[in-house]
Amino acid sequence: QVQLVESGGGLVQPGGSLRLSCAVSGTIFSIYAMGWYRLAPGKQRELVATITSDGNTNYGDSVKGRFTISRDNVKNTVSLQMNSLKPEDTAVYYCNAGYYRGRYYPFDYWGQGTQVTVSF
């Protein structure tokens with residue numbers, strides 16, 4: 001049974017930083033591409049960042065230059081370093097396991113989500 005568990009969310013002031021982590025178990029982590037999505041109230045789910053099984057990364061336009069996705073195939077984790085946070089980054093962030101064929105395709109493997117709130 002594939003399990004994904006996110007951690008690291010919280011409240012941060014604009015301009016601050018947070019690091020999200022997602023621990024994956026129950027599968028061979030290294031074969032999957034991984035993605036971070038976010039869902040804000042009243043908005044559609046947004047793909048924030050992806051990383052392929054061999055470490056190639058892609059980012060949504062709204063987070064390019066501010067967020068960095070990385071993975072550790074020994075510890076079976078994927079992380080999202082978020083810098084220069086803005087109020088519009090406020091959302092529940094979810095990690096996902098999927099595959100990459102020209103673009104990212106999510107499998108139905110999701111974590112429970114972690115809340116990120118950017119506010120004074």
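These exercises work through side-chain contacts in a predicted model.

**Exercise 1. The salt-bridge network**

Find how many salt bridges the structure holds, and trace the network that includes Arg-38.

*Solution.* 

Step 1. Start with the total: the structure holds 4 salt bridges.

Step 2. Take the partners of Arg-38 in turn. Glu-46 meets Arg-38 side chain to side chain, N to O at 2.8 Å. Asp-89 also bridges to Arg-38, with the closest N and O atoms 2.9 Å apart. This second pair links distant parts of the chain, 51 residues apart. Asp-89 sits in the loop between strand S8 (77-82) and strand S9 (91-100), while Arg-38 belongs to strand S4 (residues 33-39).

Step 3. Salt bridges link Arg-38, Glu-46, Arg-66 and Asp-89.

Step 4. Classify the burial. The cut-off for buried is under 20% relative accessible area. Arg-38 has 6%, so Arg-38 is buried. Asp-89 is buried as well. Glu-46 has 28%, so Glu-46 counts as partly exposed.

**Exercise 2. A second salt bridge setting**

Decide whether Asp-61 and Lys-64 are buried or exposed, and describe their contact.

*Solution.* 

Step 1. Check the contact. Asp-61 and Lys-64 form a salt bridge, and their closest N and O atoms lie 3.2 Å apart.

Step 2. Apply the cut-off: exposed means over 50% relative accessible area. Asp-61 has 67%, so Asp-61 is exposed. Lys-64 has 51%, so Lys-64 is exposed too.

**Exercise 3. Aromatic pairs**

Classify the ring pairs Tyr-37 with Tyr-104 and Phe-107 with Tyr-109.

*Solution.* 

Step 1. Count first. The whole structure has 7 aromatic pairs.

Step 2. Take Tyr-37 and Tyr-104. Their ring centres are 6.4 Å apart, and their planes stand at 55°. Planes under 30 degrees apart count as stacked and over 60 as edge-to-face, so this pair is tilted.

Step 3. Tyr-37 is in strand S4 and Tyr-104 in strand S10 (residues 104-110), 67 residues apart. Tyr-37 and Tyr-104 are both buried.

Step 4. Turn to Phe-107 and Tyr-109. Here the centres are 6.1 Å apart and the planes again at 55°, so this pair is tilted. Phe-107 is partly exposed at 33% relative accessible area. Tyr-109 is partly exposed at 28%.

**Exercise 4. Charges over rings**

Which arginine lies over the face of Tyr-37, and which over the face of Phe-29?

*Solution.* 

Step 1. For Tyr-37, the residue is Arg-45, at 4.7 Å from the ring centre.

Step 2. For Phe-29, the residue is Arg-71, at 4.4 Å from the ring centre.

**Exercise 5. The disulfide**

Locate the disulfide of the structure and describe its geometry and surroundings.

*Solution.* 

Step 1. Search the whole structure. The search gives 1 disulfide.

Step 2. Identify the cysteines. Cys-22 is joined to Cys-95, with an S to S distance of 1.9 Å.

Step 3. Read the handedness. The link of Cys-22 and Cys-95 has 40° about the S-S bond and is right-handed.

Step 4. Cys-22 lies in strand S3 (residues 18-25) and Cys-95 in strand S9, so the pair links distant parts of the chain, 73 residues apart.

Step 5. Cys-22 has 0% relative accessible area and is buried. Cys-95 is also buried, at 0%.

Technical notes:
Residues are numbered from 1 along each chain as its sequence is written. This is a predicted model: local features need pLDDT of at least 70, side-chain atom pairs count only at pLDDT 80 or more; totals for chains, interfaces and linings use all residues. Side-chain values use heavy atoms; hydrogens and water are left out. Buried means under 20% relative accessible area, exposed over 50%, partly exposed in between (1.4 Å probe, protein chains only). Helices (H or I, at least four residues) and strands (E, at least two) are DSSP runs, numbered from the N terminus. Rings of Phe, Tyr and Trp (its six-membered ring) pair if their centres lie within 6.5 Å; planes under 30 degrees apart count as stacked, over 60 as edge-to-face and the rest as tilted. A charge sits over a ring if NZ of Lys or CZ of Arg is within 6 Å of the ring centre and within 35 degrees of the ring normal. A disulfide is a pair of cysteine sulfur atoms within 2.5 Å.
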